[in-house]
Amino acid sequence: MDFKDFHFAPPLAKAIAQCGYSTPTQIQQQAIPHLLQRKDLLGLAQTGTGKTAAYLLPTLQTLLAQQKKGVRALILVPTRELAEQVYKNTLQLSTLTSLRSCTIYGGVSKVEQMKKLARGVEVVIACPGRLLDHIQSKTVDLRNLDTLILDEADQMFDKGFLPDIRRILTHIPAKRHSMVFSATMPDEVRGFVEDILQDPVTIQIDHDKPSKTISHTLFQVAQDNKTTLLRDVLLSHNTPKTLVFTKTRFKAKSLGAQLLRQGFAVTSLQGNMSQPQRQAAMDGFRKGKFKVLIATDIAARGIDVSEISLVINYDVPDTVEAYTHRVGRTGRAEHTGQALTFATQADKRIVRLVEHQLGRIFVAGSVETTGQGNTEHLQAHHDDRATAQVEEKEARIFTGKKAHRREKRPFPFASNHPVKHVRSKRTRKSQTAL
Ligand code: AMP
């Protein structure tokens with residue numbers, strides 16, 4: 001399935017492409033057709049599944065078609081952080097439209113929010129308490145509302161927001177399009193949801209758990225140092241079939257060319273290649289002519305090669321689903337497999353989500369160095385020494401030397417788990433400088 005199948009208006013279709021979304025996630029595939037038909041929907045799905053775009057895209061499409069003024073869509077969320085995240089996604093997806101949006105939550109100035117509301121917005125992303133405040137002071141008018149979305153309903157319940165939401169419901173039209181998303185469905189929430197939704201479609205998306213035979217290792221690394229790290233990993237592992245994932249076609253191609261020059265038996269697979277080129281790459285990889293295949297997610301979709309024992313996420317995937325999909329290329333049929341992920345500080349959130357899904361934290365990676373990736377080398381690549389120093393502090397967990405002392409410190413990306421540090425004879429010192 002392709003986003004084109006949904007026939008979104010051109011400004012949305014363009015924005016989807018700009019966001020780098022090429023294939024709809026499971027929840028998008030299942031929810032969007034119902035939502036475009038304005039069916040009420042109960043989505044049982046966690047963060048990381050792409051649920052935000054699943055509800056935003058049909059909502060924005062409807063608003064574009066209606067061209068009416070006033071607050072038309074209300075997205076209720078339990079936390080400020082989620083409000084900001086949804087707002088960011090809304091801005092990305094509506095960037096080429098005239099639709100305006102704003103956030104409403106407590107702990108910040110109400111005046112700024114009032115000004116934005118007064119100027120006019122079509123989409124409001126709000127936490128219940130502050131929204132009620134605005135309703136009471138008549139600084140928000142929800143009488144023309146068309147779409148109501150409740151995100152993370154179970155969290156709303158945990159935070160005691162259900163009475164507030166009931167009060168908000170008395171200020172919005174009964175005739176509306178409604179959707180509720182929740183990771184779990186405790187009885188209290190189920191009863192409540194039944195009151196909000198009319199004849200809803202229910203869809204449930206479970207993250208597939210990767211096979212238990214796969215080990216998951218994380219290297220925290222600066223973007224500029226990933227290629228050196230990859231080279232060291234490939235040399236130290238020397239596995240017959242390694243699949244490396246990059247985010248972009250360009251990177252898959254350039255990385256392939258770079259490693260080829262360095263003498264690796266490597267090939268790339270990316271969307272800009274002709275069919276015969278792709279076939280040659282795949283055949284070569286399958287037959288062992290190439291030991292390393294560098295691919296983008298889409299290009300790798302059809303890969304069914306047995307004996308891939310190592311999958312490397314050179315770039316962290318955008319979704320938990322994509323992580324599961326990628327690492328599912330190894331550890332098949334109860335064979336053991338390794339998944340190594342190169343993450344920068346910017347990947348923190350998705351790394352946590354993956355850990356949540358795996359039900360365990362990543363093992364901190366270490367690798368024997370080729371002797372070329374030393375600290376000086378890395379620092380020379382940093383424009384900003386101060387940044388390097390901050391990152392060094394956060395990432396010392398990877399040092400061979402200091403790891404003894406720091407072994408019990410929480411992993412930088414994990415919330416509160418002790419770290420199992422894997423050491424090799426000579427750990428990759430270059431990672432220590434990040
Ligand atoms: P969510 O579950 O909505 O928090 O989304 C998790 C992440 O997936 C966000 O970073 C989204 O930008 C990203 N995302 C959503 N839909 C897609 C898609 N179709 N392809 C790739 N990434 C996506």
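Start by colouring the chain by pLDDT: this is a predicted model, and its mean pLDDT is 82, with 82% of the residues at 70 or more. Now select residues 371-434, where the pLDDT is below 50. In the model this stretch has 126 contacts beyond near neighbours in sequence. Where pLDDT is low, the predicted coordinates should not be read in detail, so let's move on.

**The ligand**

- Y21 places a polar side-chain atom 2.6 Å from an oxygen atom of the ligand.
- T52 also has a polar side-chain atom 2.6 Å from a ligand oxygen atom.
- Q28 has an N or O atom in its side chain 2.8 Å from a nitrogen atom of the ligand.

How much of the ligand's accessible area does the protein cover? On its own the ligand has 490 Å², and the protein covers 85% of that.

**The sheet**

For the last stop, switch to a cartoon view and look for an open sheet of 7 strands with parallel pairing. Trace the strands across in the order β10-β11-β9-β12-β13-β8-β14. At the edges, β10 (266-269) and β14 (363-364) each pair on one side only.

Then pick out β12 (residues 310-313) and β13 (residues 337-343), which run parallel and are joined by 4 bridges.

Methods:
Residues are numbered from 1 along each chain as its sequence is written. This is a predicted model: local features need pLDDT of at least 70, side-chain atom pairs count only at pLDDT 80 or more; totals for chains, interfaces and linings use all residues. Side-chain values use heavy atoms; hydrogens and water are left out. pLDDT is the predictor's confidence in each residue, from 0 to 100. Contact means heavy atoms within 4.5 Å. A polar contact is a pair of N or O atoms within 3.5 Å; within protein, one must be able to donate a hydrogen and the other to accept it, and residues adjacent in sequence count only if both atoms are side-chain atoms. Accessible areas come from the Shrake-Rupley method with a 1.4 Å probe; for residues, only the protein chains shown count as cover. Two strands pair if DSSP finds at least two bridges between them. Helices (H or I, at least four residues) and strands (E, at least two) are DSSP runs, numbered from the N terminus.
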